[in-house]
Amino acid sequence: MKAGAPCPYRAVTFRLVPVPVITATGLTKRYGELVAVAGIDLEVAPGESFGLLGPNGAGKSTTMRMIGAVSTRTSGDLQVLGLDPDTHGPEIRSQLGVVPQEDNLDTELRVRDNLIVYGRYFGIPRAECGRRADELLAFAQLEEKSKAKVDDLSGGMKRRLTIARALVNNPRVLMLDEPTTGLDPQARHVLWDRLFRLKERGTTLVLTTHYMDEAEQLCDRLVVVDEGRIMAEGSPASLIREHSSREVVELRFGSRRNEAAAERLEGLGDRVETLPDRVLVYAGDGEAVLEQVARLGLHPTTSLVRRSSLEDVFLRLTGRSLIE
Amino acid sequence: MTATTTSEPTRTGGVRALYSGNAGAVLGRGLLAARSSTWVVVVSGFFEPVFFLLAMGVGLGTYIGDVALPSGREIPYAAYIAPALLAVSAMNGAVYDSTWNVFFKMHFGKLYQAMMATSLGPLDVALGEIGYALLRGVVYATGFLTVMQLMGLNLSWTAILTLPAVLLIAFGFASLGMAVTSYMSTFQQMDWINFVLLPMFLFSATFFPLSVYPEPLQWLIQALPLWHGVELIRGLTTGELDGATAVHVGYYAALVAIGVVVTTRRLRALFLD
């Protein structure tokens with residue numbers, strides 16, 4: 001180096017901002033005339049638990065498939081683990097764990113063999129697959145079912161096995177498409193507990209759901225998706241703060257009288273929303289609204305004051321319920 | 001930063017996206033899954049051509065006596081049809097797995113969808129599955145070859161070469177079977193496969209020579225794969241080899257290549273859209 005020349009290292013600044021594991025810009029997927037994903041932007045940081053919340057057909061699964069490098073995008077930019085899925089599909093897939101919406105376990109293999117064989121698909125040596133299979137069976141609380149046939153497992157067990165299978169390659173990102181859809185409440189809670197443990201260990205989770213309670217439990221940050229577009233983005237709490245009031249009063253007057261009652265409620269709280277089966281009044285103080293309702297001489301058959309949820313956010317943003 | 005181009009990972013699309021060099025894991029999965037299959041069904045597939053050999057070759061053969069090869073040489077009827085049935089047993093084993101079993105895995109087991117979410121590529125899956133299907137054909141054929149040897153129906157030392165030949169025939173049918181199955185979406189369409197296989201089995205110079213047909217029909221049969229397999233094997237077990245043998249081998253090599261390419265492309269189109 002010549003004397004007096006500027007030190008080349010001086011220009012280097014250390015950035016503590018983590019490099020995102022997933023970056024999408026204007027991500028679009030069209031199937032002929034149908035636009036499944038209509039240009040979405042998102043970024044997921046390592047260790048983050050990121051959710052896509054939206055009704056069926058919103059484009060969540062298609063987005064997941066594009067990130068999972070099994071579906072090519074029509075346009076836009078996508079980087080997964082710093083790689084472009086269009087050119088580095090296998091490299092990306094080798095570092096992802098995928099839990100699809102429908103279980104696709106290998107029903108011709110026993111429970112433990114499902115894990116071992118799946119590990120072999122990644123080129124992991126057989127002995128190592130066996131070791132990881134035992135570890136994962138313990139994690140999924142399926143040790144007693146090691147030799148069982150997949151078809152003999154309950155829905156919740158199959159789901160846990162699918163998650164265990166997705167972890168066999170020590171993925172940097174775990175992708176879960178509707179992880180608890182179709183499970184009974186108890187099985188859902190067991191599953192949430194397992195996923196929460198993964199989150200605590202620092203696994204990056206990307207999940208889709210149409211259950212607001214699931215999103216609230218598991219996601220640090222989420223996007224609300226409808227008709228292939230992102231309607232809002234933020235943490236569950238900030239989304240509720242931004243797009244809804246603190247409390248909601250749910251009033252039921254009977255399906256034929258809701259409409260008429262809603263007209264008289266107009267002006268109460270921040271906003272009144274009429275659904276086929278009930279009237280919602282959004283307000284900072286729900287109890288105060290209830291008193292006003294009584295003073296108006298209205299007598300709902302049932303009334304309930306609750307905290308705002310992501311369901312309300314979704315209703316506000318799209319005018320529709322999440323689960324229809 | 002100005003030097004980003006050098007630090008960017010190199011493009012590894014193209015073939016890498018198709019193949020991760022791990023077809024063995026797919027084949028291994030097939031072998032492990034075979035443990036749970038119904039063995040009676042698997043074994044019955046081996047006996048089918050054996051029963052044909054006993055009924056037609058030994059039973060009916062006593063009334064037919066000897067038949068003349070194109071060279072003029074006379075051989076017992078059983079020795080005439082046995083090599084054809086050997087080709088059929090290689091075909092049966094390979095086709096059974098590469099059609100119905102693949103159909104179920106594709107549409108109900110969602111097995112390929114699961115495989116494609118890993119680092120496996122469509123070529124790994126195609127080669128692994130075709131490899132597994134051809135193994136079954138080879139197992140059937142080896143068993144049948146043993147039966148032929150015991151019955152004294154291998155007339156020439158070249159019969160030993162039927163082992164690599166049945167491997168090639170099974171490979172051809174397994175590739176073709178999986179390629180065709182990848183286009184099938186209903187059970188009705190799958191029935192068409194049986195509709196094609198049965199007449200091909202009966203009329204591909206299996207039980208009588210091609211010369212009984214009018215010429216256009218001869219051309220049709222010579223275009224179909226089983227006839228090439230029958231002629232190839234018959235040449236090897238009787239020791240009557242000529243230039244046509246190379247044509248038969250070439251036919252199967254082409255069948256393998258086309259089958260693997262079509263299957264790979266279809267898997268990619270279906271599961272990596």
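The legends below describe a predicted model.

Figure 1. Chain B contains 12 helices and two strands. Its C-alpha trace spans about 85 × 40 × 35 Å along the principal axes. Of its 273 residues, 51% count as buried. Among contacts in chain B between residues at least 6 apart in sequence, 82% join residues at least 24 apart. The accessible surface of chain B is about 12500 Å², and carbon and sulfur atoms account for 70% of it. Chain B carries 12 positive and 13 negative charges, whose mean positions lie 14 Å apart.

**Figure 2. Aromatic cluster in chain B, with the pair Phe103(B) and Phe187(B).** Over all chains, the structure holds 22 aromatic pairs. One of them joins Phe103(B) and Phe187(B) in an edge-to-face arrangement, with 5.5 Å from centre to centre and 65° between the planes. This pair links distant parts of the chain: Phe103(B) belongs to helix α5 (residues 77–109) of chain B and Phe187(B) to helix α9 (residues 187–203) of chain B, 84 residues apart. Phe103(B) counts as buried because its relative accessibility is 1%. Phe187(B), with a relative accessible area of 38%, is partly exposed. Both rings belong to one aromatic cluster, formed by Trp100(B), Phe103(B), Phe104(B), Phe108(B) and Phe187(B).

**Figure 3. Overall view of chain A.** Chain A is built with 11 helices and 13 strands. Its C-alpha atoms fill a box of roughly 80 × 70 × 40 Å along the principal axes. Of the 324 residues of chain A, 52% count as buried. For contacts in chain A between residues at least 6 apart in sequence, 66% join residues at least 24 apart. Chain A exposes about 15400 Å², with 49% supplied by carbon and sulfur atoms. The mean positions of its 43 positive and 47 negative charges are 5 Å apart.

**Figure 4. Arginine side chains over aromatic rings in chain A.** The charged end of Arg188(A) sits over the ring of Tyr211(A), at 4.1 Å from the ring centre.

**Figure 5. Packing of helix α8 of chain A.** Helix α8 covers residues 236–243 of chain A. Its buried residues are Pro236(A), Ser238(A), Leu239(A), Ile240(A) and His243(A). These buried residues pack against α7 (212–218), β8 (221–226), β9 (229–234) and α11 (310–318) of chain A.

**Figure 6. Positive phi angles at Ala69(A) and Glu178(A).** Ala69(A) is not a glycine, yet has a positive phi of about 60°. Ala69(A) lies in the loop between α1 (60–67) and β4 (75–80) of chain A. With a relative accessible area of 8%, Ala69(A) is buried. Glu178(A), also not a glycine, has a positive phi of about 50°. Its place is in the loop between β6 (173–177) and α6 (185–200) of chain A. Glu178(A) has a relative accessible area of 2% and therefore counts as buried.

Methods: Residues numbered from 1 in each chain as written. Chains lettered and ligands numbered in written order. Heavy atoms only, no water. Helix = DSSP H or I, 4+ residues; strand = E, 2+ residues; numbered from the N terminus. Buried < 20%, exposed > 50% of the residue type's maximum accessible area, 1.4 Å probe, protein only. Contact = heavy atoms within 4.5 Å. Areas by Shrake-Rupley, 256 points an atom, 1.4 Å probe, with all protein chains shown as cover. Lys, Arg positive; Asp, Glu negative; His and termini not counted. Charge placed at Lys NZ, Arg CZ, Asp CG, Glu CD. Phe/Tyr/Trp six-rings, centres within 6.5 Å; stacked < 30°, edge-to-face > 60°. Lys NZ or Arg CZ within 6 Å of the ring centre and 35° of its normal.
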